[in-house]
Amino acid sequence: MSAVGVGRQTQPEIDPTADRLGFQSLMGGHGLQQNEPLIFELAGDDPALWAKTGVDLPVDPEAEDVSDLTGLVRTAPLGLPGLSEPEAVRHYVRLSQKNHAIDLALYPLGSCTMKHNPRLNEAMARLPGLSDIHPLQPQSTVQGSIALMHEVGRWLSVLTGMPAVALPPRAGAHGELCGLLAIRAAHEARGNARKVVLVPTSAHGTNPATAALAGYGVVEVAQTVDGRVDIKDLASKLDPEVAAVMVTNPNTCGLFEREAIEIARLTHTAGAYFYGDGANFNAIVGRIRPGDLGVDAMHINLHKTFSTPHGGGGPGAGPVALSAALAPYAPKPWIVADGDGLRLEESDAGDSLGRMAAFHGQMGMFTRAYAYMLSHGADGLAQVAQDAVLNANYVKARLKGVLSAPFDGPCMHEALFDDSWLEGTGVSTLDFAKALIDEGFHPMTMYFPLVVHGAMLIEPTETESRAELDRFCDAVLALAQAAKAGDRARFTQAPHLAPLRRLDETQAARKPQLRWMTVAR
Amino acid sequence: MRYLPLTDQDRAQMLGVIGAADIDALFCDAPREALLDGLVDLPRHAGELEVRRALESLAARNRPAGAGPFFCGAGAYRHHIPSSVDHLIQRSEFLTSYTPYQPEISQGTLQALYEFQTQVCGLTGMDVANASLYDGSNAAAEGVMMAARITGRHKAVLSGGLHPHYAQTIQTLAKAAGIEVFAQPLAFDAEGAVADAIDGETACVVVQTPNIFGTATDITAIAEAAHAAGALLICVTTEVLSLALLKSPGEMGADIVAAEGASLAGPLNFGGPYLGLFAANQTFLRQMPGRLCGQTVDADGKRGFVLTLSTREQHIRREKATSNVCTNSGLVALAFTMHLTLLGQTGLHDLAALNHAKARRLARAMAAVRGVEVLTPRFFNEIAVRLPRPAAPVVEALAQDGILAGVPVSRLAPGFDGVLLMAATETSTEADIETVAQAIAGALS
């Protein structure tokens with residue numbers, strides 16, 4: 001099927017949803033979609049009467065005796081309702097049905113990498129031998145977990161071509177901070193922490209925010225007309241106060257930084273370090289090693305490349321690969337070989353940048369990522385990168401005759417479009433994205449990267465079949481045709497068929513209401 | 001390959017649509033010398049059966065907490081989580097959704113976050129709570145940086161009862177942000193000394209209750225001393241369940257609360273992923289880190305929820321953001337909320353009281369062991385005991401007999417070799433308590 005072929009498809013003359021839109025149930029029901037109140041409302045309006053509980057606890061006659069806690073016992077009400085198990089289960093299942101999910105349909109959020117989450121990973125993370133383990137048990141009793149962490153580090157080291165991996169960071173942004181603090185420690189060891197981090201205009205917001213948190217000023221580096229780092233601008237800004245250059249590669253325009261090796265050379269010549277944001281590592285895993293490009297530090301979002309679930313916003317995990325120059329500054333704990341076994345080195349003494357969190361790392365995420373690594377192996381991971389890039393280019397090829405792509409040539413794992421093709425339609429990128437919801441898809445990433453006007457960034461990932469890609473492209477092209485045909489209300493009023501219509505975000509910010517309160521209060 | 005839907009035929013046809021000779025042609029922008037010729041030196045792909053076997057053999061080399069008497073705490077507490085919780089968080093729509101940036105198709109996550117924030121406010125006695133941070137230690141560090149922004153001061157005083165991992169985390173993050181940290185020496189009942197360290201340059205005081213030795217303290221006077229000096233009080237709690245029985249930080253005058261919520265959300269997980277609870281007074285709302293979920297209406301006037309006040313956050317404010325945090329601990333927060341919804345205030349109180357009762361039984365049993373001294377004057381579910389010899393080898397010896405007796409303080413900080421931290425929860429049976437006391441007595445004799 002080609003883009004041209006789809007362009008000939010015509011809209012049905014009668015919108016099959018029209019009847020449903022006009023139909024009203026008697027009590028406000030929506031078929032399978034339930035109107036679900038908050039737990040506080042389900043429990044009734046008077047918190048004083050919230051006595052119900054959905055658990056049966058053992059009775060201990062000693063439990064009523066708090067005489068040893070004189071003056072310390074809570075008198076203020078908790079104000080928290082309880083529900084029986086059937087009520088609670090139903091409540092959260094009903095809520096779940098108001099979410100889009102990768103298990104329902106393609107979720108083309110560029111730069112976020114919504115790929116299939118294998119359920120084997122979930123099962124393995126729940127083995128009692130791996131989950132029911134205390135972080136401070138004697139190390140002799142947790143050799144399996146320490147070995148698992150060691151193996152995850154070894155796989156990441158081989159895949160990045162970098163000698164050391166710091167496992168403690170809890171998420172991508174935490175990993176960025178780890179990398180920049182290691183860089184800061186390395187500079188300080190030479191007597192000068194330096195003052196500035198160079199960040200391209202197309203970078204994720206976490207890059208400049210992290211640089212600021214690490215105590216550095218941020219200077220932006222311009223982008224060329226072909227969507228890459230402007231190397232002349234970079235060279236002109238690389239002075240002795242530059243501590244690091246942060247570059248995402250492939251970048252947020254979905255393009256490989258062709259001059260990556262030269263960027264590394266210039267950066268190192270200036271005595272600075274090359275931080276590679278690994279948010280898009282999934283495009284090159286098994287095919288290109290960042291270490292071969294001269295990268296000194298790179299975080300890896302396990303929830304992107306290695307399929308740990310996004311879980312509605314977390315938890316993530318952000319191990320950081322480090323060059324030999326930065327390895328001595330890695331955060332504690334370290335894993336060290338000790339006789340026949342492995343040992344967690346927990347003391348924060350020495351050159352280490354210190355501790356970034358309590359305990360050892362996102363163990364549950366390591367287990368999932370390790371199951372994914374073993375499942376794919378060296379051959380499968382290379383295929384992951386290849387299929388991710390193939391799928392993105394296929395989407396780009398199918399859409400580029402209708403949507404406008406700001407950059408020519410092949411993309412990596414995500415296809416970027418701007419909004420110039422919507423000019424004169426009265427439809428914005430936001431409207432177009434919301435209309436995709438009515439077609440059963442999650443919108444693409446919008447208005448990011450900031451360097452492209454009205455950006456639409458589409459990342460299908462390798463776990464989409466060709467049929468699902470076609471279904472998505474057909475929907476985008478049909479919508480494009482409708483936009484150009486002047487069907488404005490389809491877009492500006494969208495979504496029509498979601499659990500809710502467009503939400504008033506301005507009101508939410510102007511009069512913040514961040515918790516439920518009784519009317520009486 | 002079971003997770004990759006494309007067939008070779010698909011790939012060939014798709015390359016035809018793209019107009020590329022092969023997939024490598026799509027990698028043409030990468031330096032030729034960087035593109036690997038073959039595969040990296042790692043094993044090839046494996047089926048479910050083989051992967052399961054590999055992971056199970058690693059699991060078999062661990063001794064799970066549930067395999068026998070278990071008394072470890074020190075910031076990670078083992079509670080029974082109702083079966084329905086883990087079932088519910090594995091619903092596809094919760095497990096495999098992204099951050100709820102498109103609220104029209106994310107009301108499930110958003111409404112649960114709104115319930116979560118309300119529950120955290122109730123437990124902590126604070127006005128506002130965010131949608132969670134990575135863990136308790138990072139919540140504490142974010143609190144310190146927030147206090148520095150609010151006060152314009154750059155000095156943080158840490159109580160000697162603060163979990164050493166938390167103190168180290170604050171050191172690491174605050175140092176980068178240009179905040180000077182004054183950590184008081186570790187002590188069993190350290191909170192009284194902290195007020196003396198506050199001066200006119202102090203941005204905040206960080207106090208933990210119950211503290212690392214299990215000691216519970218009314219911190220009202222510390223809050224007053226901090227406020228008198230223009231500083232903020234950050235209250236840390238590493239066992240969230242204690243808030244159901246003990247006076248809330250809000251009642252005691254805390255400005256910011258940073259707590260570890262993982263114990264009520266899921267398994268111990270060897271320390272992660274955990275759940276950073278973060279709450280504050282309304283006045284400081286716009287200086288808070290992390291995501292916030294708020295109520296609003298849709299175009300038809302129906303109530304709905306959105307992520308809000310995002311002008312604080314990195315994706316809008318970049319280097320001027322209140323924090324670099326992007327993710328929250330979403331799914332762990334969801335599990336926490338589900339468990340609290342099952343418990344309700346009745347179950348929460350009863351569970352907390354039960355934990356306290358178990359710890360009292362444990363303290364009595366340990367006090368009866370010759371040569372052992374219970375050090376914690378007022379406790380919730382954890383006590384510190386002094387053994388007449390270094391605790392770590394005793395713990396190691398008992399572990400070989402299948403008993404996990406607790407956490408030696410030497411694992412966390414130097415100078416307390418004989419001190420052992422022991423936590424009891426509803427999962428500790430009377431037989432377990434008897435067994436551990438006898439085993440320690442045996443090891444000491």
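Guide: Helices (H or I, at least four residues) and strands (E, at least two) are DSSP runs, numbered from the N terminus. This is a predicted model, in which local features need pLDDT of at least 70, side-chain atom pairs count only at pLDDT 80 or more, and totals for chains, interfaces and linings use all residues. Residues are numbered from 1 along each chain as its sequence is written, while chains are lettered from A and ligands numbered from 1 in the order in which they are written.

Visitor: How many helices and strands does chain A have?
Guide: By that rule, chain A has 17 helices and 12 strands.

Visitor: Why is chain A called as compact as a globular protein of its length?
Guide: We use the radius of gyration, taken over C-alpha atoms, and the globule rule, 2.2 Å times the number of residues to the power 0.38. For 521 residues the rule gives 24 Å, and chain A has 26 Å, which is close, so chain A is as compact as a globular protein of that length.

Visitor: What makes a residue of chain A count as buried, and what percentage are?
Guide: A residue is buried if 20 or more other C-beta atoms lie within 10 Å of its own, exposed if 12 or fewer, and partly exposed in between, with C-beta atoms placed from the backbone. Buried residues make up 59% of the 521 in chain A.

Visitor: How do you know which residues of chain B are in contact with chain A?
Guide: Two residues are in contact if their C-beta atoms, placed from the backbone, lie within 7 Å. Here 170 residues of chain B are in contact with 175 residues of chain A. Helix 12 (residues 330–367) of chain B gives the most to its side, with 22 residues.

Visitor: What makes a set of residues a nonpolar core?
Guide: Its members are buried Ala, Val, Leu, Ile, Met, Phe, Trp, Tyr and Cys residues joined through C-beta atoms within 7 Å. The largest nonpolar core has 334 residues, and among those touching the most other members are A:Ala182 and B:Val205. Helix 13 (residues 363–399) of chain A gives the largest share of this core, 22 residues.

Visitor: Why is this core said to lie between two domains of chain B?
Guide: Domain bounds come from an automatic or database domain assignment. Domain 1 (65–81 + 345–444) and domain 2 (83–338) of chain B both give residues to the core, so it lies between them.

Visitor: How many residues of these two domains are in contact?
Guide: In chain B, 29 residues of domain 1 are in contact with 27 residues of domain 2. Helix 12 of chain B gives the most to the domain 1 side, with seven residues.
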